[in-house]
Amino acid sequence: MPALFSFKTPPSTPPLQILLPEQENGSTNNFKKTPSPLVKRNPTPSPSIPRSKKTPDKFQGDESSLDNPDLGPFLLKLARDTIASGDNPNKALDYATRASKSYERCSGPGMELAMSLHVLAAIYCNMGRFEEAVPVLERSIQVLDIGNGSDHALAKFSGYMQLGDTYSMMGQLDRSIMSYESGLTIQIEALGDSDLRVAETCRYLAEAHVQAMQFDEAENLCKTTLEIHREHSEPASLEEAADRRLMALVCEAKGDYESALEHLVLASMSMIANCQENEVAAIDVSIGNIYLSLCRFDEAVFAYQKALTVFKSIRGENHHSVASVFIRLADLYCRTGKLRESKSYCENALRIYVNPIPGTTPEEIASGLTEVSAIYEALNEPEEALRLLQKAMRLLEDNPGNRSTIAGIEAQMGVMFYMVGRFGEAWSSFESAIAKLRASGESKSAFFGIVLNQKGLASLQLYKIDEAVKLFEEAREVLEKECGSCHLDTLGVYSNLAATYDALGRVEDSIEILEYILKVREEKLGTANPDVDDEKRRLAELLKEAGRTRSKKGKSLENLLDANTLRTKKGGTKRWSKFGLKI
């Protein structure tokens with residue numbers, strides 16, 4: 001019977017931990033421009049409000065008073081003052097709701113009503129009531145007509161962006177991106193396609209695409225942003241440096257390491273020209289990551305050590321950015337076989353995470369623990385890796401904004417449970433991760449397909465064979481679309497599906513899939529490759545059992561994967577005990 005293959009869960013999934021941090025003290029890789037939608041944040045209802053003003057405990061009035069045209073502005077001011085004073089948010093919500101009703105009655109659809117709805121939605125978001133903010137923002141978009149001038153158009157743009165932020169905090173990345181795209185379209189119509197504000201929105205949207213692992217779309221937006229900044233900004237500007245760092249992130253994710261390195265070097269030169277020593281160190285960490293991917297280990301060590309020296313002198317030896325460099329060095333030494341040094345750097349990082357300095361967020365600690373866990377997994381210490389993942393899970397609140405991150409940790413925990421033979425717990429972890437990924441709109445990503453494959457393997461170990469078939473088939477569909485039918489991950493799912501078909505007695509279906517796998521591997525790897533020999537052996541066993549010889553005629557993938565009938569395998573013995581993990 002064909003062997004089964006599994007994929008190692010990436011240590012920093014999902015969203016790849018490729019988030020672009022905000023400009024804060026303590027970030028290891030930041031940008032100076034617009035805050036990223038990747039960072040879960042609550043929108044502020046008003047940009048500048050005096051904080052010393054006290055608001056009335058309760059506004060007295062009935063519904064008939066809402067017809068007064070002076071009441072809307074008054075109530076909206078009360079709502080803003082209440083928020084600024086840190087008073088009861090329910091009181092601010094009541095003021096904003098009544099203000100919106102008053103504007104609706106007195107002035108009807110227009111700018112004033114839209115602005116009051118924006119404030120009302122912001123209050124809902126501050127209270128964590130994101131579902132109630134969505135219809136309010138949708139209404140604010142509907143009451144504006146871009147034909148009434150640029151003010152209406154830009155207000156509508158603002159509504160779409162706020163709606164996108166809200167969806168992002170709910171973990172619905174697909175709807176978030178759609179809202180950002182609608183806002184960008186309106187902004188371009190109002191300002192033109194070369195305005196600097198359009199460049200900021202393009203980068204904002206590109207970051208959202210990165211989180212959703214839609215790298216082609218992100219790359220196109222980065223190119224647009226770079227072109228605009230070249231036209232309007234001085235050479236080696238901070239804006240261009242921010243664009244290049246994001247472009248490097250996209251190129252790295254796509255495996256184009258040389259291009260990523262070029263963008264990072266140019267960004268570093270810009271930062272040096274602007275005396276941004278802290279940012280230069282953060283870029284050095286990214287450069288070290290690229291060198292590590294290119295197996296240029298000595299250059300990677302030099303880049304990491306250079307960044308480590310700067311971070312220790314500027315931020316302190318117990319800052320989480322120092323811990324992140326320790327993790328990078330631990331990963332490097334693990335890859336080069338220096339296991340003692342690797343474990344030492346892991347322990348140094350964990351000492352910082354155990355006693356974090358004030359201001360370190362739970363998300364930053366959880367992210368670091370997840371990365372250290374992946375290294376312990378590589379060091380063949382799955383129990384310690386599992387303990388760190390469980391600790392990371394406890395640090396994260398189970399809210400929609402953290403849904404994707406928690407799903408990634410649960411998927412990695414599932415792999416750890418599987419490796420130590422705790423298949424029931426592995427199945428439960430994968431089940432929970434899949435549910436969260438579906439809820440957050442990430443059911444079309446390659447990572448989702450990989451998690452489906454992992455759950456299928458766990459189902460086989462629990463003898464849930466019919467369920468495993470459905471999972472492998474769904475994983476196949478996702479990976480065919482996202483990676484292509486010849487990608488190694490897709491071929492691994494094909495192999496698992498062939499093995500499961502064989503176990504169900506669908507020998508002909510299994511043979512057809514294995515013949516396709518062997519054909520692709522011969523084309524990609526050559527006939528002398530050990531993996532090809534292994535596939536030949538597996539296929540030969542099935543063909544011998546079916547009384548057939550290998551067909552040399554190529555078949556289309558559509559015909560190859562079309563399972564029409566259920567065939568009974570005679571005299572076959574099912575072998576379930578050994579499912580290998582492809583590390």
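Biologist: Where does Y463 lie?

Modeller: Look at the loop between α19 (446-461) and α20 (465-482); Y463 sits there. Keep in mind that this is a predicted model.

Biologist: How do I read its backbone? What is the phi of Y463?

Modeller: General idea first. Most residues other than glycine have a negative phi. Now the case. Y463 is not a glycine, yet its phi is positive, about 65°.

Biologist: Is Y463 buried or exposed?

Modeller: Exposed. Its relative accessibility is 58%, and the cut-off for exposed is over 50%.

Biologist: Which loop holds C275?

Modeller: The loop between α10 (257-273) and α11 (277-293). C275 is not a glycine either, and its phi is positive, about 60°. C275 counts as exposed because its relative accessibility is 69%.

Biologist: Let's step back. How many helices and strands does the protein chain have?

Modeller: The protein chain has 24 helices and zero strands.

Biologist: How do I read the way two helices pack? Take α3 and α4. What is their angle?

Modeller: Follow each helix from N to C, then compare the directions. Helix α3 covers residues 111-126, and helix α4 covers residues 130-142. Their angle is about 170°, and their axes are 8 Å apart. So α3 is roughly antiparallel to α4, since angles over 145 degrees count that way.

Biologist: Which residues make the contact?

Modeller: From α3, they include L113, L117 and Y124. From α4, they include F130, V136 and L137. The residues of this contact divide into eleven nonpolar, two polar and two charged.

Biologist: What tends to happen to nonpolar side chains in soluble globular proteins?

Modeller: They tend to be buried together. In this model, the largest nonpolar core has 161 residues. Y304, F311, V372, Y376 and V451 touch the most other members. Helix α13 (residues 320-335) gives the most to this core, with ten residues.

Biologist: What share of the protein chain is buried?

Modeller: Of its 583 residues, 53% are buried. Buried here is under 20% relative accessible area.

Biologist: And the surface? How much of it belongs to carbon and sulfur atoms?

Modeller: The accessible surface of the protein chain is about 25,700 Å². Carbon and sulfur atoms hold 49% of that.

Biologist: One last feature. What percentage of contacts joins residues 24 or more positions apart?

Modeller: Count the contacts in the protein chain with a separation of 6 or more. Residues 24 or more positions apart account for 66% of them.

Notes:
Residues are numbered from 1 along each chain as its sequence is written. This is a predicted model: local features need pLDDT of at least 70, side-chain atom pairs count only at pLDDT 80 or more; totals for chains, interfaces and linings use all residues. Side-chain values use heavy atoms; hydrogens and water are left out. Helices (H or I, at least four residues) and strands (E, at least two) are DSSP runs, numbered from the N terminus. Buried means under 20% relative accessible area, exposed over 50%, partly exposed in between (1.4 Å probe, protein chains only). Contact means heavy atoms within 4.5 Å. Accessible areas come from the Shrake-Rupley method with a 1.4 Å probe; for residues, only the protein chains shown count as cover. Axes are lines fitted to C-alpha atoms, for helices over the stretch in contact, and angles run from 0 to 180 degrees between N-to-C directions. Angles under 35 degrees count as roughly parallel, over 145 as roughly antiparallel, 65 to 115 as roughly perpendicular and the rest as oblique. Ala, Val, Leu, Ile, Met, Phe, Trp, Tyr, Cys and Pro count as nonpolar, Asp, Glu, Lys and Arg as charged, and the others, Gly among them, as polar. A nonpolar core is a set of buried Ala, Val, Leu, Ile, Met, Phe, Trp, Tyr and Cys residues joined through side-chain atoms within 4.5 Å.
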